[in-house]
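Please look over the model shown here.

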Amino acid sequence: MTGNLMVTYLRDMSDAFRAIADPTRRALIEALHERNDQSLFELCTRLMSGRATVVTRQAVSKHVAVLEEAGVVSVRKIGRTNIHHLDTARLTEVAAWLATHIDDQEQE
């Protein structure tokens, strides 16, 4: 990678790490991993019932926006409903980066 591509890659990685650092956002990722393409209402319900997480709809919306900005979740509109989709490409990049650095430590 060269210059601008490297800077963009590192910024994207930083956004992804920042996004998955929060436990509520990790719970949203898990909920979408279990069943993809959910509305905000469905995500709120899953968080509050399945994980006993107390969170408002507005808070979930803000967390989803952070995940979307980091490229972990995509949102498409169907009528008046936003459907949230887990995009694992960015998470795969993070996992590959971590694996590379973990492998380096194991070899020493």
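The sections below move from the whole chain to single residues.

## Overall fold

This is a predicted model. The protein has 108 residues, and 29% of them count as buried. It contains five helices and three strands. Along the sequence, these elements follow the order α-α-β-α-α-β-β-α.

The accessible surface of the protein is about 7,100 Å². Carbon and sulfur atoms account for 55% of that surface. Contacts across the sequence can also be sorted by separation. Among those between residues at least 6 apart, 50% join residues at least 24 apart.

## Helices α2 and α3

Two packed helices are described by the angle between their axes and the distance between the axes. Helix α2 spans residues 23-34, and helix α3 spans residues 40-50. They pack at an angle of about 110°, with their axes 10 Å apart. Angles of 65 to 115 degrees count as roughly perpendicular, so α2 and α3 are roughly perpendicular to each other.

Which residues make the contact? Helix α2 contributes Thr24, Ala27, Leu28, Ala31, Leu32 and Glu34. Helix α3 contributes Leu43, Arg46 and Leu47. By type, the residues of this contact are six nonpolar, one polar and two charged.

Leu40, Leu43, Cys44 and Leu47 are buried in α3. They cover an arc of only 100° around the axis, so they lie on the same side of α3. An α-helix has 3.6 residues a turn, so residues three or four places apart point the same way.

What covers these buried residues? The cover includes α2, β1 (38-39), α4 (57-69) and β3 (81-86). The face turned away from the buried side of α3 is another matter. There sit the exposed residues Phe41, Ser49 and Gly50.

## Arginine 76

Arginine 76 lies in strand β2, which runs over residues 73-78. Is this residue buried, partly exposed or exposed? Its relative accessibility is 42%. Buried means under 20% and exposed means over 50%, so arginine 76 counts as partly exposed.

Beyond its neighbours within four places in sequence, arginine 76 is in contact with Asp37, Thr81, Asn82 and Ile83. Serine 39 is 37 residues away from arginine 76 along the chain. The C-alpha atoms of these two residues are separated by 9.8 Å.

Technical notes
Residues are numbered from 1 along each chain as its sequence is written. This is a predicted model: local features need pLDDT of at least 70, side-chain atom pairs count only at pLDDT 80 or more; totals for chains, interfaces and linings use all residues. Side-chain values use heavy atoms; hydrogens and water are left out. Axes are lines fitted to C-alpha atoms, for helices over the stretch in contact, and angles run from 0 to 180 degrees between N-to-C directions. Helices (H or I, at least four residues) and strands (E, at least two) are DSSP runs, numbered from the N terminus. Angles under 35 degrees count as roughly parallel, over 145 as roughly antiparallel, 65 to 115 as roughly perpendicular and the rest as oblique. Contact means heavy atoms within 4.5 Å. Ala, Val, Leu, Ile, Met, Phe, Trp, Tyr, Cys and Pro count as nonpolar, Asp, Glu, Lys and Arg as charged, and the others, Gly among them, as polar. Buried means under 20% relative accessible area, exposed over 50%, partly exposed in between (1.4 Å probe, protein chains only). Accessible areas come from the Shrake-Rupley method with a 1.4 Å probe; for residues, only the protein chains shown count as cover. The arc is that of the directions from the helix axis to the C-beta atoms.
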